[in-house]
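Take the points in order, and find each residue on screen as you go.

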Amino acid sequence: MHADEGHVMSYTLARYPVHLIDIVQLANARRVTIRPTLPQDLELQREFFRSLSAESRYRRFMGPLNELPEAVAQRFISIDYHRHLALLAEVFDDGREIMIGEARYVVDGRDPTICEIALAVADEWQARGIGRALLARLEREAAASGVRRMVADTHYDNKAMRGLAVRSGYAVEANCNDARLVRLEKKLSAPIAPLTVDPLAA
């Protein structure tokens, strides 16, 4: 799934959204860390790209890529956590940090109430709830930032992405400009309910 990542944003440590750091436990009891991307994650991004199958790369970038272009890699880590937010999912094996998923949104330069989203999960980690966890957190932060509509284009034959979108409340419509694509769209209202409930506050 593709997002317009052509806007290079500056990184500001003071704005790092620590509240988005989270631990998700999968059905098999494996723990996955979700956190906002940092500038030093460039090599993690490259390794994640290399780990994707050719089909997953094609679906994420809307075209065949054997290597992650340097300009794209730099845009991936040039974020301001407001108009461009990127989250990654990672696990640790024998002390080694392994990125297994990423999701991001880029706010429309002409309309700050609209953002375009992109999402990818490593092939061997798909269908385990990681994509939904990333997307839910993107939506929550987008709504809090004033975004009211999230959109994306994806290939019609990307059944996994279409299924995730439908389960997450997105409308799926034909793309008027390209019959191979479908348009995903979801309207947000602020604020979105918290993902978890504090039992002490109940």
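1. Start with two phenylalanines, F49 and F61: both of them are buried. Please keep in mind that you are looking at a predicted model.

2. How are the rings of F49 and F61 arranged? Their centres lie 5.5 Å apart and their planes meet at 70°, which is over the 60 degrees needed, so this pair counts as edge-to-face. F49 belongs to helix α1 (residues 42-51) and F61 to helix α2, so the pair ties together parts that are 12 residues apart in sequence.

3. F61 also has a ring partner in F76, and this pair is stacked, with 6.1 Å from centre to centre and 20° between the planes. Here the link runs from helix α2, which holds F61, to helix α3 (residues 70-77), which holds F76, and the two residues are 15 apart. Like F61, F76 is buried.

4. Next, look for charges over rings. R57 lies over the face of F49, at 4.7 Å from the ring centre. Elsewhere, the charged end of R162 sits over the ring of Y156, 4.5 Å from its centre.

5. Now turn to the largest pocket, which has a volume of about 470 Å³. Which residues are closest to its centre? Of the 24 residues that line this pocket, they are L119, V121, Q126, A160 and M161. The elements that give two or more residues to the lining are α2 (54-61), β5 (114-121), α4 (130-144) and α5 (159-167). Notice that α2 is also the helix that holds F61.

6. What kinds of residues make up the lining of the largest pocket? By class, there are 11 nonpolar, six polar and seven charged residues.

7. Finally, step back to the whole chain. The protein has five helices and eight strands, and along the sequence they follow the pattern β-β-α-α-α-β-β-β-α-β-α-β-β. Of its 202 residues, 49% count as buried. Among contacts with a separation of 6 or more, 64% come from residues 24 or more positions apart.

Note on methods: Residues numbered from 1 in each chain as written. Predicted model: local features only at pLDDT ≥ 70, side-chain atom pairs only at ≥ 80, totals over all residues. Heavy atoms only, no water. 1 Å grid on protein atoms, 1.4 Å probe; cavity = no way out; pocket = protein on both sides within 12 Å on 5 of 7 lines; lining within 4 Å. Points joined across faces, edges and corners; volume = space filled by probe spheres on them. Helix = DSSP H or I, 4+ residues; strand = E, 2+ residues; numbered from the N terminus. Nonpolar A, V, L, I, M, F, W, Y, C, P; charged D, E, K, R; others polar. Phe/Tyr/Trp six-rings, centres within 6.5 Å; stacked < 30°, edge-to-face > 60°. Buried < 20%, exposed > 50% of the residue type's maximum accessible area, 1.4 Å probe, protein only. Lys NZ or Arg CZ within 6 Å of the ring centre and 35° of its normal. Contact = heavy atoms within 4.5 Å.
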